[in-house]
Amino acid sequence: MSQVTVRINGFSYAVGCKEGQEKHLQAMAQEVERRIDRIRELGGHSGEGRLLALAALLMADEIHDLTAEKMSSDTAHQLAKGRQACIENERRREQLAHLVERAESIAATMEED
């Protein structure tokens, strides 16, 4: 287990992480810092807790949008698969109907003989 010191909003925080994940943790701290900077640009000069809460809400909103986008993509993929299955089923139904007609025709011919 490693320990990394990250800086967010001018404060240092010691955070534990798995070996090899130090750079990833630093990058995530920078993402939080980037959102805090964005809040400040919009005029949000609140206290530390409020800035962190707003940054967390921004990140949660981004996660929500990404999740909804993925779900939408997955749904579209499932619909496409469903349409393809319907097309295949219709094709098989037509083939089966043709085979039934041929069988009936052969049976009728045999009955005539």
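Is Arg-93 buried, partly exposed or exposed, and at what relative accessibility? Arg-93 counts as partly exposed, at 47% relative accessibility, where buried means under 20% relative accessible area, exposed over 50%, and partly exposed in between (1.4 Å probe, protein chains only).

This is a predicted model, in which local features need pLDDT of at least 70 and side-chain atom pairs count only at pLDDT 80 or more, while totals for chains, interfaces and linings use all residues. Residues are numbered from 1 along each chain as its sequence is written, and side-chain values use heavy atoms, with hydrogens and water left out.

View 1. Helices (H or I, at least four residues) and strands (E, at least two) are DSSP runs, numbered from the N terminus. Glu-90 is partly exposed, at 34% relative accessibility.

View 2. The structure holds 7 salt bridges. One of them joins the side chains of Arg-34 and Glu-31 at 2.8 Å, N to O. Arg-34 and Glu-31 are 3 residues apart in helix α1 (residues 22–41), so about one helical turn separates them. Arg-34 is partly exposed at 43% relative accessibility, and Glu-31 is partly exposed with a relative accessible area of 26%.

**View 3. Glu-62 and Arg-35 meet in a salt bridge between two helices.** The N to O distance is 2.4 Å. The pair links distant parts of the chain, with Glu-62 in helix α2 (residues 48–112) and Arg-35 in helix α1, 27 residues apart. Which of these two residues is buried, and which is partly exposed? Arg-35 is buried, with a relative accessible area of 5%, whereas Glu-62 is partly exposed, with a relative accessible area of 25%.

**View 4. Helices α1 and α2 pack against each other.** Two packed helices are described by the angle between their axes and the distance between the axes. Here the angle is about 110° and the axes are 9 Å apart. Axes are lines fitted to C-alpha atoms, for helices over the stretch in contact, and angles run from 0 to 180 degrees between N-to-C directions. The angle makes α1 roughly perpendicular to α2; angles under 35 degrees count as roughly parallel, over 145 as roughly antiparallel, 65 to 115 as roughly perpendicular and the rest as oblique. On the α1 side the contact (heavy atoms within 4.5 Å) is made by Glu-31, Val-32, Arg-35, Ile-36, Arg-38, Ile-39 and Arg-40. On the α2 side the residues are Leu-51, Leu-52, Leu-54, Ala-55, Leu-58, Met-59 and Glu-62. The residues of this contact divide into 9 nonpolar, no polar and 5 charged. In this grouping Ala, Val, Leu, Ile, Met, Phe, Trp, Tyr, Cys and Pro count as nonpolar, Asp, Glu, Lys and Arg as charged, and the others, Gly among them, as polar.

**View 5. Asn-9 sits in the loop between β1 and β2 (11–17).** Asn-9 is buried, at 11% relative accessibility. This residue has a positive phi of about 55° although it is not a glycine. Apart from neighbours within four places in sequence, Asn-9 is in contact with Glu-33, Ile-36, Arg-40, Glu-48 and Leu-51.

**View 6. Ser-2 lies in strand β1 (residues 2–8).** Ser-2 is buried, with a relative accessible area of 11%. A polar contact of 3.0 Å joins the side chains of Ser-2 and Glu-19. A polar contact is a pair of N or O atoms within 3.5 Å; within protein, one must be able to donate a hydrogen and the other to accept it, and residues adjacent in sequence count only if both atoms are side-chain atoms. Beyond neighbours within four places in sequence, Ser-2 is in contact with Val-15, Gly-16, Cys-17, Glu-19 and Glu-22.

**View 7. Leu-25 lies in helix α1.** Leu-25 is buried, at 19% relative accessibility. Not counting residues up to four places away in sequence, Leu-25 touches Val-4, Val-6, Val-15, Gly-16 and Cys-17.

Notes. A salt bridge is a side-chain nitrogen of Lys or Arg within 4 Å of a carboxyl oxygen of Asp or Glu.
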